[in-house]
Structure formats: structure tokens, C-alpha cells
Amino acid sequence: MDALIGQLINLFAAVMLILAFAMLSQRRIVTLIHLFTFQGLTVVGATVVVAYVTQQHHLYYSAALTLALKVALIPFLLHRLIDRLNVRWDIETMLNIPTLMLIGIVLVVFAFNLALPISKLSASIARGTLGIALACVLLSFMMMITRAKAVPQVIGFLTMENALFFAATSATYGMPMVVELGIALDVLVGIFILGVFMFQIREQFDSLDIRHLEKLKEE
Amino acid sequence: MSPTGFLSQALAILAALVLAPLLMGWVNQWRAWFQNRRGPGLLQPYRTLNKLFVKESVVAETASPLFRAAPYVVFGCMALSCGIIPTLSTELPLSLAADAIALVGLFAVARVFISLAAMDIGTAFGSLGARREMLIGFLAEPALLTVFFTASLISGSTALTSIVESLAHREFAIYPSLAFAGLAFSFVSFAENARVPVDNPATHLELTMIHEALILEYSGRHLALIEWAAALKLFAYSCIGLALFFPWGIAKVQDPGALLYAVPVLVGKLAIGGFLLALIESVSAKMRIFRVPEFLATAFLLAVIGMLVHFLLGA
Amino acid sequence: MQNWLAVDWILVAIGGWLLTGALGIMALRHFAVVARVLFPLGSAVGLLLAAAAINGLMGTPEVVTLPIGLPQLPFHLRLDSLSAFFLLVIGGAGAGVSIFAAGYFRQGEGTPPGLLCLEYHLFLASMALVVLADDAYAFMVAWETMALSSFFLVTANHRVPEIRQAGFLYLLIAHIGAIAILLCFGVLQANTGDYTFANMREQSLSPFWASAAFLLAVLGFGAKAGMLPLHVWLPEAHPAAPSPVSALMSGVMLKTAIYGLLRVSFDLLHLQLGWWGVALLAIGLFTALYGVVFATVQTDMKRLLAYSSIENIGLLLAAIGLTLLFKSYGMAELAALALTACLYHVVSHAFFKSLLFVGTGAVLHATGERNLGHLGGLIRFMPWVAWLVLIGVFASSGLPPLSGFVSEWLLLQSFLFTPGLPNSFLNMLIPIVAAAIALIAALAGYTMVKFFGIIFLGQPRDGKLQHAHDGGGWEKAGMAWLAVWCIGLGLFPNFIIQLIDPVTTPLVGAGLGRKVAANGWWLLAPTSIERASYGPVFFFIGVVVAFLLAYGLVRVLYHGQLRRSAPWDCGYPWQTPRMQDTAEGFGQPIRQIFEPFFRLERHVPSPFDVAPRYHVSVTDHFWHRFYLPVARVVEFAAEKVGRLQQGRIAVYLLYSFLTLLFMLFLVQR
């Protein structure tokens with residue numbers, strides 16, 4: 001049974017990685033938000049499994065919180081945001097997608113080697129997941145770097161937070177509840193601030209292309 | 001060769017030859033239903049094949065013997081490949097002679113032959129089709145191989161029968177790497193079988209067709225063989241997918257009784273698979289030909305990531 | 001005669017080749033004698049060599065000292081299993097190419113036939129001596145003879161300036177390589193002053209010096225083999241040379257470089273380090289990918305094959321790298337598997353690439369055209385050549401059940417075994433390399449379909465092709481010999497692996513022979529039957545039976561009626577052969593996908609052009625970013641040095657005087 005649970009968490013980790021790669025190679029903002037929702041669901045699933053195995057009840061609360069926040073509220077806000085901004089269009093990436101994925105593979109190898117010594121110390125049931133969680137963080141970073149529009153960057157930021165959360169639950173059985181609540185609140189506030197910020201950009205430049213921000217430098 | 005081995009081998013090839021057009025008909029029927037049409041019925045592929053066999057073959061004046069031999073070679077390769085894949089039982093004497101790598105090689109032989117035959121006539125369409133087919137092939141083939149590699153890393157063997165043995169008949173375990181492999185494999189199957197996101201089997205639009213451009217010059221019995229081979233290819237790919245990712249229900253070695261219920265299980269699994277295929281085909285749009293390499297490169301890289309994940313998670 | 005050793009027979013064969021060459025120079029202008037007597041004689045000698053080599057492969061190492069060369073410095077020769085194996089390749093492939101050459105060389109093309117005959121047989125003999133040599137001196141003499149004789153063969157048609165240029169480029173890079181090899185031997189003898197290989201085997205170098213020797217060997221032999229970035233001579237020299245010579249150079253001569261690398265890294269060096277393997281693997285993989293990507297976009301058929309040779313050399317280097325890796329971790333069995341894959345590919349490449357090159361020779365003779373854009377439809381005018389080349393094409397695309405597939409299969413198997421390595425990082429990377437090799441193999445298939453499809457299929461793109469004629473008897477015989485081996489090597493791999501076994505055993509400490517023999521001759525299972533097995537004969541029979549059954553049943557159940565008619569013209573009856581895909585068109589998707597690999601120059605016509613022309617040229621980045629800057633630096637330096645040259649005797653005397661003064665000053669200190 002224990003082996004199966006470990007494999008289940010590994011499966012969740014693999015799904016996280018698939019979703020990270022899918023987001024990296026996705027052109028449409030709407031699909032990006034859907035993928036983000038799925039990622040939230042995966043994190044919820046992983047948290048519930050860990051909570052069940054370790055009998056830590058606060059993890060159930062944190063799963064519920066994640067469900068409410070990252071599967072329901074934030075995607076809803078994002079959907080409304082892109083409707084209001086009218087940006088359901090395709091977004092171009094700055095590099096072509098196979099190249100992006102190749103870089104992604106290199107990042108995965110790198111992340112794994114980075115996490116190898118740490119996960120040897122870890123005693124949790126699924127040690128390999130730390131490397132994958134780290135890889136997901138790096139991949140969402142890549143996604144933020146290679147997108148020219150503001151909305152995908154926000155999603156990248158949120159994905160990164162998801163990956164960190166996943167790392168926390170699966171590798172170290174979660175953080176104290178207070179920390180989690182704090183982070184959740186931060187993310188929510190972040191979304192609102194970024195939303196306002198995006199409206200401001202559009203007002204200024206009549207576009208969400210953040211390359212316009214390049215003008216804001218000393219001549 | 002033991003008698004049960006011979007029996008299951010013969011049964012596998014026969015089942016493939018008989019069931020393949022039925023699978024094609026099933027998929028087409030569902031496609032029709034999804035489009036609110038009545039559909040031609042399940043048996044239409046058999047009727048089409050019979051009609052084509054009865055008709056005389058019209059061959060271009062410029063055709064060389066290669067052109068006339070190609071349909072038989074392609075058909076032979078596909079029939080043989082269905083004898084290598086464990087569809088009903090893992091007791092397949094032929095699978096000793098050809099493992100997963102050789103299976104990919106067999107598909108490649110068929111592809112190279114049909115491409116050469118298309119170039120043989122010397123019309124603009126033929127060479128266009130050959131070029132596109134090889135373009136798809138050169139990306140799909142390594143992706144397929146990599147999927148097999150992932151499975152063989154898990155089971156420690158490249159023989160398809162051993163892979164299925166270890167996946168189906170040992171203690172149940174979840175292999176996250178197979179999730180990647182499965183995704184990559186489904187991409188590859190869509191491309192290789194000329195299904196919708198990559199190619200539309202129902203169109204003859206010059207600018208977009210791939211598979212149809214290859215076989216434009218074929219008619220009569222040659223066309224029948226090629227159509228049948230295409231059905232066999234779909235069957236073979238479906239069975240590879242089922243064998244790697246849903247291997248339950250395939251009979252063990254020396255178990256003739258299990259062979260009896262392996263057939264209905266296979267038909268059931270194929271029915272679900274065909275339904276899903278038709279569903280995906282109906283809800284997705286065909287992509288531009290220039291996007292196809294990207295699609296397949298994604299498949300290849302996903303398969304590679306699958307292999308990586310195998311090492312990351314140790315499973 | 002009874003007590004003759006294998007090495008004696010081999011020396012007789014080498015002597016036979018030298019004699020044939022000498023006879024050629026006597027019959028300088030007697031074309032018929034050279035073509036119909038001497039080349040077939042050379043071919044028979046090749047067979048003798050191959051037979052003796054098989055004998056030598058099974059026996060113990062034999063040593064001979066020839067009292068030729070400088071006094072006190074005789075030629076040491078040694079026939080061990082490694083050299084015997086390569087002699088087998090030289091003899092076997094050389095025999096087929098020689099028969100072809102008997103029908104190929106024509107009168108009145110550049111170098112007179114007799115001289116060509118001398119150079120050709122000297123080339124063969126020097127290759128055999130290279131693999132026999134047992135001291136650095138004999139090795140370098142043979143190596144240089146090989147380089148020079150092939151240089152003269154490349155420039156056989158020396159009236160064409162491009163050919164001369166190609167020859168000089170070849171000579172230059174060959175000599176850069178030769179210097180590196182010489183330095184490598186210098187390091188290997190470890191200051192003992194004894195340049196025999198026997199002495200080198202006894203030295204135990206420190207890891208630093210061993211690495212230096214290994215890197216010099218990689219550089220030196222890599223230059224000969226066409227390793228990146230020293231590959232540029234290959235696509236220039238191969239098209240320039242007459243086809244049988246290209247066949248020998250690509251099929252056999254490149255393998256002597258592989259031989260040298262194997263000899264130095266596994267025999268002469270006493271230790272192997274893991275990072276050598278990783279480095280060689282990386283270089284090999286990159287070379288292979290580069291070669292195959294360039295091959296797909298070529299428009300000249302021989303250049304295409306030259307790039308394909310670069311690809312195959314890359315695969316061989318990758319296999320050697322993997323062997324080194326396994327060896328350094330002490331995994332003898334796996335090292336044997338990787339080395340067997342490498343050696344198997346050496347043989348199969350020797351045969352199929354020779355076959356393809358002589359095939360282009362036959363096409364060239366029949367049509368006078370090397371440019372793919374002017375060929376097409378030749379399967380109707382030269383069916384023999386076409387079908388024989390098709391066998392080579394299938395072998396070279398790595399399609400079962402021919403020879404290319406066996407080596408590819410073995411190579412992939414050895415890559416899939418790496419999870420046993422104790423280093424987790426390598427464990428992860430190496431299966432990815434296997435995926436890359438699968439990609440390279442698939443691209444090779446693309447290239448070969450292009451090669452065959454454009455030359456032999458479709459409609460003739462040029463009117464003069466209607467008069468093309470099939471190859472002559474000699475040409476067909478030579479090609480058939482090579483083709484038979486492509487098939488034989490594919491169908492009966494176990495016999496060849498039995499021959500490779502004595503080579504791998506001394507080099508890496510294990511062989512596949514016993515394991516393979518355990519399953520009978522029809523089933524190839526290099527490790528265990530559960531793990532992987534491949535039965536090419538059954539496979540072949542399966543395809544043939546399915547083919548015949550389908551054919552027979554269709555005939556019996558239905559009919560065999562056939563009507564000929566014009567191809568479907570899409571309602572546009574003015575189609576011309578020029579509407580088929582060109583070579584550029586067929587390679588276009590690859591050019592687009594791998595665009596960063598190429599340096600493209602494209603001229604697209606404007607809409608207002610009266611006679612619109614589209615022009616695209618694809619060149620090598622290495623040429624512009626590496627070779628031309630180096631050439632500029634050299635030229636600049638030469639210019640500076642050139643100022644010394646005044647033309648006045650007095651000034652030159654002054655130079656000598658100053659040098660003398662300087663030297664005296666040094667001595668005084």
C-alpha cells in the first residue's frame with residue numbers, strides 16, 4: 001500500500017511536470033488558464049494524499065484552501081480579467097517552441113542534479129518529487145521570461161507559487177498553517193495588484209505588450 | 001514452436017486482418033454521428049475493399065515495377081507488424097524475431113516503400129506527398145522509439161511480449177513516466193495514421209493532404225491493399241497503445257483458456273479507443289502543415305522527458 | 001608453403017597490389033590491359049587478403065620485422081585480431097570496388113589509366129600496411145603514403161580548378177591530422193626513445209599524459225575520419241574523386257582512422273578515463289547530427305553521400321565513446337556490446353557506402369550529371385544499377401532486414417543498458433543520447449529516400465537522360481558483390497559477431513561470441529533472450545511470405561487485370577517533369593526545421609522581374625566562422641614573414657650571419 005501511495009505522489013509530480021511543459025508550449029491564454037486550473041487540482045490531489053498518509057489534519061485545510069483559491073477564485077478572476085481586457089488571443093513566444101522545450105529538458109536535468117543531495121536527506125515517501133518540483137519552478141520562470149505579454153507572465157508567477165507549494169507538501173509534508181495562510185493571502189493580493197497594474201499598462205500604451213516598458217529607461 | 005504458440009500467433013494475425021477494417025468503420029461511424037450524419041454503417045470498409053478488389057487496376061504509363069510491388073510490401077509489413085504486437089496473448093513466436101526496435105523498423109520499411117512508390121510516377125502530387133510523409137516519419141519514428149525505450153527501461157526488455165508481461169502480469173504499480181510516454185504516443189499515432197490534427201483522411205484538398213497525396217495514383221486492387229494496410233496500421237497503433245498503457249486482459253503464456261476471453265476484451269478496449277479517437281478528431285481542428293513538425297517535435301520531447309522522469313523518480 | 005602464417009599471405013597480398021600497380025605503370029597507355037586485366041587482378045588480391053585476414057582473426061598475434069626502411073629502423077608489422085578485422089574490411093570492400101573500377105575508368109579523363117592503376121593499388125596497399133604497422137615509423141610512412149596516393153587519385157581530373165582546390169584542402173587537413181598523430185606517438189613512447197607499439201603498450205602514463213595522447217589521437221584520426229570541425233574536406237574531396245576512389249575513401253579509408261583511434265585508446269593506452277568517453281560521445285553525436293542534416297539539403301549526389309559518411313563516422317565515434325565509458329567503469333560485457341556495434345557498423349558502412357558511391361559512378365557515366373536537379377526516372381533506363389543501389393539505400397537507412405539495421409539495433413541496445421552505470425547523471429543523459437540516435441537514423445532514412453527518389457524515380461528532368469544506359473558487366477558484378485554483402489550482413493549477423501568476438505576480447509576483456517552462439521545462428525540475442533532478440537531471417541521470411549500470400553490470394557480470389565494509362569494530371573494537361581519536387585524542394589522542410597545549422601543565402605525575385613530567378617545557397621557555418629578566420633590569420637602572418645624576402649643575396653647572407661651570431665651567443669651562455 002505504501003509503495004502505491006508513493007507511486008501516486010510520483011504520478012502527481014509527473015502530471016505537474018507535464019502541465020508545466022504544456023504551459024511552456026501553449027500559445028493561447030485561455031488554455032493557459034485551464035492548464036493552471038488543472039495544476040491547482042493536481043496540487044490539491046497531492047496534498048490530500050499526503051494528508052491521508054501522514055494523518056496531518058492541517059493539510060486537509062490547506063488542500064481546501066488551495067481548492068478554493070487556486071482552482072476556483074484565481075482562475076475566475078483571470079477569466080474575468082482577460083474578458084475585460086479582451087485578450088483571449090494567441091500569444092507569441094520569443095523563442096520557437098521546440099527550442100523552448102529543449103531548454104526545458106536541460107533545466108529538468110539541472111534541477112534534478114541540484115535536488116539529488118537534498119532528497120537523499122529527506123525521509124518522506126516520495127523523494128524524487130523534490131527535483132520535479134524544482135524543475136517546475138524553473139520552467140515557470142522560463143515561461144515568464146519568454147512571454148511578451150503581461151497576462152501569461154502573471155500566470156507564470158502563479159504557476160511558480162503552485163510548484164513551490166507542491167514541493168513543500170510532497171517533500172516536507174507541508175509548512176505550518178500560518179505560513180500557508182500568509183502565502184495564500186500574498187498571492188491573492190498579488191493578483192489584485194497585478195490586475196490593476198495591467199489596466200494601467202493598457203491605459204498608457206494601449207497594449208499589454210510589456211516590451212513597451214522598455215521605453216521607460218534613461219535616454 | 002509449441003501448438004498454443006502457433007495458435008495464438010495465427011489468431012493474432014487473423015484477428016488483425018478481420019478486425020482492422022471494422023475498427024476503421026467504427027471510427028468513421030462515430031465521426032459521422034458526431035457530425036449529425038447517419039453514417040455509412042460499420043461494414044462499409046469491407047464493402048469498399050471488395051469493390052476495389054473487383055475493379056481493374058489502372059497504372060500510370062511511367063510506373064516502374066517498384067510502383068506495383070509497393071502495395072504488397074506495405075500490406076505485408078503491416079500484417080507482420082500485427083503479428084508482433086501482443087494483441088491477444090503474450091505468447092507470440094514471431095516476437096522473438098522482432099522486438100520493439102525492429103517493429104519501428106518494419107513501419108519504416110512500409111513508409112519508405114510507399115514514399116518511393118509515390119515518387120515513382122513523377123507527378124507533382126506524388127513527390128509532395130512523399131516529402132510530407134517522410135517529414136512526419138522522421139519525427140514520429142524517433143518519438144515512437146523513445147516511447148518504447150521508456151517502456152523497456154521499466155521492464156528491462158525491448159521485446160514487446162516481455163514488456164506487456166511485466167506491465168500486466170506483475171504486481172500493479174503506477175509508472176509516472178508512462179504518463180508522458182502515453183501522451184507522446186497519442187501524438188505520434190495521430191500523425192502516423194493521418195488523423196485529424198495532422199491530416200484529414202476524408203479530404204483530397206491538394207494543399208493539405210498527406211496520405212491521400214501518396215496514394216493518388218493507386219486504384220483497384222493496389223488501392224484496396226493500401227487501404228487495408230492503412231486500417232491495419234491504425235489497428236496496430238491502437239494495439240500498441242493498449243498493450244503499453246492498458247495491458248490488462250491480454251492472455252499469458254500457455255493459457256489457451258485466457259485466449260477465449262482476450263478477444264472480447266480486445267474488442268471492448270478497441271471500441272472505447274475508437275470512440276475516443278473519433279471524439280478527439282471531431283472536436284479538434286486540422287493544423288497547418290508547418291505546425292506539424294512542431295507538434296511532432298513536442299511529441300518527441302515529451303517522450304524524452306518521459307525517459308527522464310523514469311530516472312528522476314526511479315520508476 | 002605449408003608453414004605459412006596468415007601474416008605471410010597478407011604480405012603476399014600487399015605485394016600483389018604493389019606489383020599490380022607497377023604493372024600498371026608499365027602498361028601506361030594500354031587501356032585495355034589496365035582495365036580488363038589489372039583491376040580484376042587487384043580484386044582477386046583483395047579476396048586473398050580477406051581470406052588470409054579471416055585466418056588471422058582466429059589465430060594468435062603474429063609479428064614480422066621487415067628489413068626495409070632506414071638502417072636500425074626496420075618496419076615492425078603485427079597481425080592481431082583488430083588489424084585482421086580491418087584487413088577483412090579493406091579486402092572485402094576493396095575487391096568489389098576494384099571489379100567495378102575495371103568497368104569504370106575510361107580513357108582520356110585526366111590522369112592516364114596506367115598511372116591511375118598505380119595510385120589506386122598503392123592506396124589499397126598502404127591502407128593494409130597502416131593497419132599492420134607495429135611501430136610509429138612504419139605507421140606514419142604507410143599513413144602518409146595513403147594520404148598522398150589518395151590525394152593524387154582525388155585530383156585525377158586535375159584540369160578542373162575546383163578539383164585541384166578540393167585536393168589541396170584534403171591534403172592540408174590530412175597533414176594537420178598527421179602532425180597530431182605524430183605528436184600522439186611522441187607522448188605515448190614516454191621519453192624512452194623507442195617508437196615501437198610494443199614499447200608503448202608497456203608504458204604506464206599518468207592520467208594527464210594519457211589524456212593528452214588520447215586527445216591528440218582524437219584530433220589526428222578525427223581529421224582523417226571527418227569529425228567536426230575537421231570535416232570540411234570530405235564534401236569537397238569525395239565529389240571530386242572518381243567514383244571508385246570515393247567509394248574506397250568513404251567506405252574504407254575513413255575506417256583506418258577508426259582503427260587508429262581504437263588502437264591508441266584501447267591497445268596502446270593502458271587506462272581509459274570516463275570523461276574521454278563522454279567527450280567522444282558528445283563530439284560523435286554532434287558530428288552525426290550535423291552530417292545528416294547537411295546531407296538532406298544537398299543537391300549534388302556525391303556531396304550528399306559525403307555528408308552521410310560524416311554522419312556514419314559520428315555514429316561510430318559515439319559508439320567508441322560509449323565503449324570507453326563502459327570500459328572506464330569496468331563493465332566489460334557492456335563495453336563489448338558497444339564495441340561490437342561499432343565494428344559491425346564499420347563493416348556494414350564499408351559495404352553500403354561503397355555500393356552507393358559506385359552507384360553514383362554508374363549514373364555519372366550514363367548521364368554525365370552529378371546534380372540531382374537534372375536527374376530522375378533512371379530506374380527505367382538503368383534497372384540493374386537502380387535495384388542494386390536500392391539495396392544500398394535500404395541498408396544505409398537502417399531498415400530491417402539489411403545490414404545497417406543490425407548495427408543500429410546493437411547500438412541502441414547498448415545505450416539502453418546504461419542504467420547500470422554508477423553515475424546517476426550519466427544514467428540520465430545517455431538514454432537521451434539513444435533518442436538522439438533514433439532521430440539521426442530517421443533523418444538518414446529521409447536523406448536516402450531523397451537520394452534514390454530524385455535520381456531513379458519520377459520522370460527524367462532532362463532530355464538527355466533518355467539515352468542513359470545501364471552499367472556494364474564489370475560494373476554490375478562489382479555492385480552485386482557489395483549488395484550481396486549488404487544483405488548477408490543483415491541476415492546473418494551471428495556469423496559476423498563470431499568474427500568480431502576475437503577483436504573485442506583482447507581490447508575490452510569480453511566478447512559476445514559465446515552468448516550469441518548459444519541461441520543458434522538464426523536469432524541474435526546479445527545479452528539474453530528475455531532482454532532483446534532479433535531474428536533477421538525469420539523477419540525476412542515473414543515479410544516475403546506475407547508479400548507472396550497477399551499477391552497470390554489477390555490473384556486467385558480476384559484477378560490480375562491491369563490497364564496502363566496516363567497519370568492523373570489534376571485537370572491540367574500541361575504538366576512537365578520539372579513540376580516534380582527538386583532536390584532543394586525535397587530538403588526544404590529539413591532546411592526550415594534546422595535553420596540555425598545552415599548559413600543560408602537566399603535571393604528571392606521581386607514581383608517586377610522579367611525573368612524571375614530564385615537562388616538559395618546553403619553553406620557551412622564552420623567554413624565562415626572557423627576556417628576563413630584561421631586562413632586570414634595565417635595569410636596575415638605569411639605576409640609579415642614575406643617582408644623578409646628581399647630578393648637580394650646580400651640581405652639573405654645578412655640573415656644567415658645574424659642567425660649565426662645569435663646561435664654563438666646562445667652557446668656562449
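A residue is called buried if 20 or more other C-beta atoms lie within 10 Å of its own, exposed if 12 or fewer, and partly exposed in between, with C-beta atoms placed from the backbone. The model is predicted: local features need pLDDT of at least 70, side-chain atom pairs count only at pLDDT 80 or more, and totals for chains, interfaces and linings use all residues. Residues are numbered from 1 along each chain as its sequence is written, and chains are lettered from A and ligands numbered from 1 in the order in which they are written.

View 1. C:Ala190 counts as partly exposed because it has 17 C-beta neighbours inside 10 Å. The residue sits in the loop between helix H6 (161–188) and helix H7 (197–202) of chain C; helices (H or I, at least four residues) and strands (E, at least two) are DSSP runs, numbered from the N terminus. C:Asn191 is found in the loop between H6 and H7 of chain C, and is exposed, with 8 other C-beta atoms within 10 Å. Phi is near 50° at C:Ala190, a positive value in a residue other than glycine. At C:Asn191, also not a glycine, phi is positive at about 65°. Most residues other than glycine have a negative phi, and most peptide bonds are trans.

**View 2. Two cis peptide bonds in chain C.** The bond between C:Leu228 and C:Pro229 is cis, with omega about -5°. C:Pro229 belongs to the loop between helix H8 (207–225) and helix H9 (233–240) of chain C. A cis bond also leads from C:Pro400 to C:Pro401, where omega is near 0°. C:Pro401 is placed in the loop between helix H14 (383–396) and H15 of chain C.

**View 3. Surroundings of C:Tyr627.** C:Tyr627 is part of helix H22 (residues 621–642) of chain C. Leaving out residues up to four places away in sequence, C:Tyr627 touches C:Val232 and C:Phe622; a contact means that the C-beta atoms of two residues, placed from the backbone, lie within 7 Å. C:Tyr627 counts as partly exposed because 16 C-beta neighbours lie inside 10 Å.

**View 4. Helix H10 of chain C.** H10(C) covers residues 243–268, 26 residues in total, and its first and last C-alpha atoms are 35 Å apart, close to the 38 Å expected at 1.5 Å a residue. The expected span is 1.5 Å times one less than the number of residues in the helix. H10(C) bends by about 35° at C:Met249, the bend being the angle between axes fitted to the seven residues ending there and the seven starting there. Since 25 of the 26 residues of H10(C) are buried, the helix is largely enclosed by the rest of the structure.

**View 5. The contact between chains B and C.** Chain C contributes 63 residues to this contact and chain B 67 residues. On the side of chain C that touches chain B, two or more residues each come from helix H15 (403–416), helix H16 (424–456), helix H20 (536–557), strand S3 (562–565) and helix H21 (583–593) of chain C. H16(C) has the largest share of that side, 15 residues. By residue type, the side of chain C that touches chain B holds 42 nonpolar, 15 polar and six charged residues. Here Ala, Val, Leu, Ile, Met, Phe, Trp, Tyr, Cys and Pro count as nonpolar, Asp, Glu, Lys and Arg as charged, and the others, Gly among them, as polar. Strand S1 (residues 57–60) of chain B and S3(C) run parallel and are joined by four bridges; strands pair if DSSP finds at least two bridges between them. B:Val59 has C:Arg564 as its bridge partner in S3(C).

**View 6. The contact between chains A and B.** Here 19 residues of chain B meet 23 residues of chain A. The elements giving two or more residues to the side of chain B that touches chain A are helix H8 (176–192) and helix H12 (292–313) of chain B. H12(B) gives the most to that side, with 10 residues. The side of chain B that touches chain A divides into 15 nonpolar, three polar and one charged.

**View 7. Chain A.** Chain A has seven helices and zero strands. Of its 219 residues, 40% count as buried. The mean pLDDT of chain A is 78, and 78% of the residues score at least 70; pLDDT is the predictor's confidence in each residue, from 0 to 100.
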